[in-house]
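Dear colleague,

Please find below the structure that I am handing over to you. My notes on what was found in it follow directly after.

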There are 2 protein chains.
Amino acid sequence: MPSETFFNLPEEKQRKIIDVAIEEFAENPYEAASISQIVRRTGIAKGSFYQYFEDKRDLYLHLFDMIIQEKQAFLQQTPPPDEDVDVFEHLRWVARAGANFELSHPKLAKFGYRVVTDDVPLPEETLKIARSGGRVFFEQFMRNGVEQGVIDPNVDAGVAAFLFDLITVHYGKYMVDRLEITPEELTTSERYPLDTTEGEELFDALVDILQNGLGPREARK
Amino acid sequence: MPSETFFNLPEEKQRKIIDVAIEEFAENPYEAASISQIVRRTGIAKGSFYQYFEDKRDLYLHLFDMIIQEKQAFLQQTPPPDEDVDVFEHLRWVARAGANFELSHPKLAKFGYRVVTDDVPLPEETLKIARSGGRVFFEQFMRNGVEQGVIDPNVDAGVAAFLFDLITVHYGKYMVDRLEITPEELTTSERYPLDTTEGEELFDALVDILQNGLGPREARK
DNA sequence: ACTAAATGTGACTGGTCGGTCACATGACCG
DNA sequence: CGGTCATGTGACCGACCAGTCACATTTAGT
């Protein structure tokens with residue numbers, strides 16, 4: 001936890017420190033991220049930094065908490081569809097919200113990505129939740145779908161959840177590649193670049209594959 | 001490229017160095033992996049190391065080459081099915097071969113995983129190939145499937161290739177988790193732990209989802 | 001204006017790193 | 001033997017790191 005001294009700081013200074021720190025931890029693996037760099041780039045003295053934070057890990061944990069909160073706030077901004085709507089509609093929302101977050105907060109997303117892939121000094125329990133959280137969530141998801149009769153009960157729920165989890169973590173990055181969205185567009189445009197015809201089509205394509213598979217369609221519909 | 005001096009070394013010493021180095025680069029991000037550690041753990045002098053390799057990067061590149069070769073040799077050991085076999089059968093082979101490699105060479109797989117996720121000093125072109133290679137390969141794969149009539153031509157090939165790529169990179173790890181395979185089993189058992197009934201079922205489950213989707217099946221077959 | 005508490009500062013410590021180099025040891029050959 | 005050429009060695013260099021601390025500066029209360 002940052003010290004009270006830190007929270008007494010003018011808000012602008014707080015933000016500057018946090019922003020620079022997030023950038024540093026987004027661009028470098030935890031071990032390589034450098035406090036010396038952070039203080040250099042914020043223009044504060046090393047000693048001041050250590051009056052705000054106990055140590056490197058303390059800063060890291062604080063950033064993690066902030067990002068969790070920011071992401072939750074972001075997701076609640078476009079609330080999920082009702083529980084009883086078609087699960088595929090729900091899945092579509094999850095994928096889209098995740099991708100939009102990645103695009104509108106690329107630094108935060110990069111940070112989050114490192115949390116689940118790098119070696120990082122979070123409490124063991126937190127790590128487990130962050131890493132398997134998706135799977136647990138999606139297994140429930142599958143049960144809902146089966147109940148609704150829109151998911152075949154013979155499908156292996158674990159494998160499906162594994163797929164969903166991968167998708168939420170990686171689909172945003174894929175879309176950025178594919179739509180050739182430049183960093184400038186991310187910061188300048190007001191609307192989310194995925195809320196376009198092209199973007200919607202990509203979500204449709206994904207959900208379609210998951211729903212109907214790759215096999216030929218003549219037999220159905 | 002390692003110097004001739006290195007290749008003149010007794011084979012056992014070469015292997016020891018390589019093994020320790022792979023372990024170091026598998027366990028740590030490139031920046032955090034330490035030459036000092038490597039020479040400490042192999043028991044050679046720092047100076048000797050720098051007679052074998054130009055620098056850290058040189059060692060890294062050499063390891064990368066070795067791993068590529070080893071993986072290719074491994075894959076050719078169980079050759080792919082004929083080109084004209086059902087693409088889903090082919091996909092099954094790809095996923096299975098990848099997962100088996102991950103299980104029988106966990107250190108190499110970890111190393112390879114870092115290549116595609118970490119920041120790593122490979123030549124730009126090599127990196128691009130390593131990272132997008134899967135997608136390009138799988139797009140061809142999709143074309144074959146459409147020709148065979150086992151893949152619906154309306155499916156978005158790019159999105160499907162994206163899915164395949166994710167799967168080959170991550171499915172092995174998922175299976176190890178799910179089957180609760182311990183590290184000992186990996187080193188002691190002679191046969192690949194995935195060539196079991198349970199393992200086969202997991203491959204079936206995956207291919208089934210990709211082929212038929214998650215939707216209810218009454219309408220088909 | 002004086003004081004005391006809060007905040008700011010950067011040189012410094014002890015450590016690790018990648019990489020070098022002057023020198024020691026060994027192997028082979030006459 | 002002596003000589004020479006390949007190989008081995010570890011102290012050392014400069015750079016950077018996380019973290020500390022004695023001191024300087026600012027702020028606020030009186």
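**The fold of chain A**

Chain A contains eleven helices and zero strands; here helices (H or I, at least four residues) and strands (E, at least two) are DSSP runs, numbered from the N terminus. Read along the sequence, its pattern is therefore α-α-α-α-α-α-α-α-α-α-α. The C-alpha trace of chain A spans about 70 × 40 × 30 Å along its principal axes.

Please note that this is a predicted model, in which local features need pLDDT of at least 70 and side-chain atom pairs count only at pLDDT 80 or more, while totals for chains, interfaces and linings use all residues. Residues are numbered from 1 along each chain as its sequence is written, chains are lettered from A and ligands numbered from 1 in the order in which they are written, and side-chain values use heavy atoms, with hydrogens and water left out.

**How the two protein chains are related**

In general, two copies of a chain are related by a rotation about an axis and a shift along it. In this model, chain B is superposed on chain A by a rotation of 180° with 0.0 Å of shift along its axis (RMSD 0.1 Å). This is the relation of a two-fold axis. The superposition is by least squares on the C-alpha atoms of residues with pLDDT of at least 70 in both copies. Among the residues of chain B, Gly213(B) comes closest to the rotation axis, with its C-alpha at 1.8 Å. The same surface serves both copies, as 100% of the contact residues of chain B recur in chain A.

**The interface between chain A and chain B**

How many residues does each chain bring to the contact? Chain B gives 45 residues and chain A gives 45 residues, where contact means heavy atoms within 4.5 Å. The area buried between the two chains is about 3,600 Å², and carbon and sulfur atoms give 67% of it. Buried area is the accessible area (1.4 Å probe) that two parts lose on being put together, summed over both. In chain B, the residues that lose the most area to chain A are Phe162(B), Tyr174(B) and Leu214(B), together 18% of what that side buries.

Six salt bridges are counted between chain B and chain A, a salt bridge being a side-chain nitrogen of Lys or Arg within 4 Å of a carboxyl oxygen of Asp or Glu. One of them joins the side chains of Arg114(B) and Asp119(A), at 3.4 Å from N to O.

On the side of chain B that touches chain A, α7 (106-117), α8 (124-148), α9 (157-179) and α11 (197-212) of chain B each supply at least two residues. The largest share, 13 residues, comes from α9(B). By class, this side has 25 nonpolar, eight polar and twelve charged residues. Ala, Val, Leu, Ile, Met, Phe, Trp, Tyr, Cys and Pro count as nonpolar, Asp, Glu, Lys and Arg as charged, and the others, Gly among them, as polar.

**The surface near DNA strand D**

Which residues are closest to DNA strand D? It is surrounded by 20 residues, of which Lys56(A), Asn8(B), Gly47(B), Ser48(B) and Tyr52(B) are the closest; a residue is near a strand if one of its heavy atoms lies within 4 Å of it. The largest share of this surface, five residues, comes from α4(B).

**The surface near DNA strand C**

DNA strand C is likewise surrounded by 20 residues, and the closest are Gly47(A), Ser48(A), Tyr52(A), Ile35(B) and Lys56(B). Sugar and phosphate account for 58% of the atoms of DNA strand C within 4 Å of the protein. A polar side-chain atom of Ser34(B) lies 2.9 Å from a phosphate oxygen of DNA strand C. The largest share of this surface, five residues, is supplied by α4(A).

With kind regards

Terms used. A polar contact is a pair of N or O atoms within 3.5 Å; within protein, one must be able to donate a hydrogen and the other to accept it, and residues adjacent in sequence count only if both atoms are side-chain atoms.
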